[in-house]
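Keep the structure open as you read.

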Amino acid sequence: MDDSSITLSFASIWNGLRSPVLALAEELALRRASGEQPAVEIRVHAGGLEVLRHRGGAAEVLLSAAGRPQAALLDIIRQLARGLGSQAALSFAADQSVSQQIVLPQQPDAVLRAIVRNKVESLAPWPLAQCLHGMRASAIAGDPQHVRVDVAVVSRSLLEDLAATLRRAGVEVKAVSVQLPDGQPVAIDLGGDDVRREARAHAARLARTAAAVLALLTGLGLLWIYRTSSEATRLEAETASLMGSLKPGGTPAGETPQVSAANRLFQARQDRLSAVAVLNELSKLLPDNVHLLSLDLEGDQITIKGQGSGVPDLIQLLEASPEFEGVNFAAATELDQNSNADVFSLVATLAKAPPPGGVP
């Protein structure tokens with residue numbers, strides 16, 4: 001280990017934690033938002049409505065009603081009374097919705113959803129404000145660069161009218177889907193995008209915290225190694241001095257060049273902040289929208305590399321801390337196309353550590 005520098009890399013920690021934590025948090029958040037699939041399903045088609053009860057993977061038709069959706073639903077509520085329960089799922093047949101299959105380049109789920117949102121207005125006969133949509137992506141055999149995306153759109157006004165009628169009867173709509181011609185459903189998002197955004201933001205905070213804890217443990221380990229190595233060097237120098245003083249014509253006992261060098265190194269380490277103190281200060285200063293990729297500490301110079309938004313404000317944040325001086329950009333800020341975040345590199349000088357006991 002080089003005594004003049006300590007390098008702590010955060011990139012592998014963050015990259016290892018980021019994807020699985022984000023995926024898990026998003027899945028849990030969506031489950032909490034949607035709850036369990038209701039046992040009762042109300043299917044809407046051109047001829048009327050059907051009420052089905054799902055048990056153990058099988059569906060039992062409880063009642064059918066003909067006519068326009070609103071009138072048929074009122075008929076069903078009168079006949080079933082409390083048989084609908086307190087929660088229900090609504091599903092729309094293909095003839096009560098608009099659906100289309102498109103092929104898109106392979107992208108993260110959030111990007112695919114953004115692309116689909118931009119296409120909804122051109123697909124549906126209703127104004128964009130009157131549309132609710134969902135999507136289902138599937139792989140294309142032999143083409144790993146593209147995905148097949150089924151898009152389904154339903155009328156918001158029809159859905160809200162049916163939901164309001166059910167709500168007056170004490171039934172809450174917990175899930176909405178469209179049955180495509182191939183028989184497979186596409187779930188309609190009911191605030192799912194907002195849930196996903198909040199889940200990702202919360203998961204990012206958790207991942208950064210976990211990475212900081214692991215990095216702190218790594219820093220403690222490196223500090224222990226350094227102190228052990230420094231102590232061994234000091235003892236070796238003292239032993240050499242004593243052995244030399246015992247030999248005829250040897251150097252008298254005292255501060256040999258080796259001991260002087262060790263003392264200078266020890267004093268230099270005492271005069272600057274420890275790696276753990278630097279990590280602790282950075283964890284308090286950096287905002288949630290910024291995370292570290294690497295930190296290089298050499299002498300009293302520190303180089304910080306990271307990724308996030310609001311990068312120009314970081315210089316003011318670090319300058320305001322009594323622990324850092326002369327903060328400036330070490331290289332030009334670049335845009336990461338994958339994460340749409342700025343990648344930056346800052347350099348600063350560490351302030352001297354306070355003397356033991358706080359007395360100058």
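Start at Val40, which stands opposite Arg53 in β3. Strands here are DSSP E runs of at least two residues, helices are H or I runs of at least four, and both are numbered from the N terminus; two strands count as paired if DSSP finds at least two bridges between them. This is a predicted model, with local features needing pLDDT of at least 70 and side-chain atom pairs counting only at pLDDT 80 or more, while totals for chains, interfaces and linings use all residues. Residues are numbered from 1 along each chain as its sequence is written, and side-chain values use heavy atoms, leaving out hydrogens and water.

Now zoom out. The open sheet has 6 strands, in the order β4-β3-β2-β5-β9-β10, with mixed pairing. At its edges you'll find β4 (58-66) and β10 (185-187); each has a single partner strand, so one side of each is left without a neighbour in the sheet.

Next, look at helix α2 (residues 69-80). Its buried residues (under 20% relative accessible area, 1.4 Å probe, protein chains only) are Pro69, Ala72, Leu73, Ile76 and Ile77. They sit on the same side of α2, because they cover an arc of only 140 degrees around the axis, taken from the directions from the helix axis to the C-beta atoms. And what do the buried residues of α2 pack against? Their contacts (heavy atoms within 4.5 Å) are with β2, β3, β4 and α4.

Notes:
Buried < 20%, exposed > 50% of the residue type's maximum accessible area, 1.4 Å probe, protein only.
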